[in-house]
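Subject: Structure for your review

Dear colleague,

Please find below the structure that I am handing over to you.

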Amino acid sequence: MKNRNLGILKDFNILYLEDDENLLRHTSDVLEDFVNNIYAVKTSSEAMEVLLNKKVDAIISDILLENENGIDFLKHIKSKNINIPTILTTAHTDTNYLLDAIKLKVENYIVKPINIKELLNTLHDILLPIVQQKEIQKSRSVIRTIAAITDSKQVAIVKHIINNLDNESQFIASYTDIMEEFSISKPTLIKLFKELSEKNILVKVQHKTYRFCAPTLESL
């Protein structure tokens, strides 16, 4: 089996639902070295609170919790139209649970004791399509934005902006920062930002902070 690039996990937030406190702490301690945030909880009510208040990219959930069932929790969140890639963990291999997991379109199923390498590889595999989709969207945005501007010399700046957007689609930099990175004059740079602003592609939200409006490109 080929080695995965686990570096992609650093941009993702993981919700981990496990009622075994020792396992919860141990696995969380390992995962936090690889992911952006790990939200470790012991009950489905705590998990629901996280889902309602935090950005979660993937869920790891035990099936049999104390006085609860992880399958029921997943059914509940899907009934609320919360569709997040999920890995189920369990010490049991009951066929009924497997069938329920299949019906819920759970991405993977790991039998305890948890093998950390297997868990990390599984996280990689279910999150890789999201990374790939983001890269495709970036490429489309570059192409459409380039089509919307007139000066080919500004293409490198456009790519730089799109490739450095944060999770809120914001680009943070000053004219000086960009001029230090690229051989471009300030008037040319100002012209580019003005043109993108007039087309509502790049909107200034505060000093040195701009929001990239990808939906605007659809109408160009």
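This is a predicted model: local features need pLDDT of at least 70, side-chain atom pairs count only at pLDDT 80 or more; totals for chains, interfaces and linings use all residues.

I begin with the pocket. The largest pocket has a volume of about 590 Å³. Its lining consists of 22 residues, and those nearest the centre of the pocket are K134, K138, L165, D166 and N167. Two helices, helix 5 (116-148) and helix 6 (155-163), each contribute at least two residues to this lining. Helix 5 gives the largest share, with six residues. Sorted by class, the lining of the largest pocket has eight charged, seven polar and seven nonpolar residues.

Helix 6 also takes part in a packing arrangement with helix 8 (residues 186-198): the two axes are 11 Å apart, and the angle between the helices is about 60°. On the side of helix 6, the contact is formed by I157, V158 and I161, while helix 8 brings L189, L192, F193 and L196. By class, this contact has seven nonpolar residues, with no polar and no charged ones.

A second pair is formed by helix 2 (residues 44-53) and helix 3 (residues 70-79), whose axes come within 11 Å and cross at roughly 30°. Angles under 35 degrees count as roughly parallel, and helix 2 and helix 3 are therefore described in that way. Helix 2 passes helix 3 in a right-handed crossing. The residues in contact are S44, A47, M48 and L51 from helix 2, together with F73, H76 and I77 from helix 3. Five of the residues in the contact of helix 2 with helix 3 are nonpolar and two are polar, with no charged residues.

Most peptide bonds are trans, and most residues other than glycine have a negative phi. The peptide bond from K112 to P113, however, is cis, with omega near 0°. P113 is found in the loop between strand 7 (108-111) and helix 5. N67, although not a glycine, has a positive phi of about 60°. N67 sits in the loop that lies between strand 4 (64-65) and strand 5 (68-69).

Yours sincerely,
A colleague

Methods:
Residues are numbered from 1 along each chain as its sequence is written. Side-chain values use heavy atoms; hydrogens and water are left out. On a 1 Å grid over the protein atoms alone, a cavity is a set of points where a 1.4 Å probe fits but cannot get out, and a pocket is an open set with protein on both sides within 12 Å along at least five of seven lines; lining residues have an atom within 4 Å of a point. Grid points are joined across faces, edges and corners, and a volume is the space filled by probe spheres set on the points. Helices (H or I, at least four residues) and strands (E, at least two) are DSSP runs, numbered from the N terminus. Ala, Val, Leu, Ile, Met, Phe, Trp, Tyr, Cys and Pro count as nonpolar, Asp, Glu, Lys and Arg as charged, and the others, Gly among them, as polar. Axes are lines fitted to C-alpha atoms, for helices over the stretch in contact, and angles run from 0 to 180 degrees between N-to-C directions. Angles under 35 degrees count as roughly parallel, over 145 as roughly antiparallel, 65 to 115 as roughly perpendicular and the rest as oblique. A crossing is left-handed if the near helix is turned anticlockwise from the far one by less than a right angle, and right-handed if clockwise. Contact means heavy atoms within 4.5 Å.
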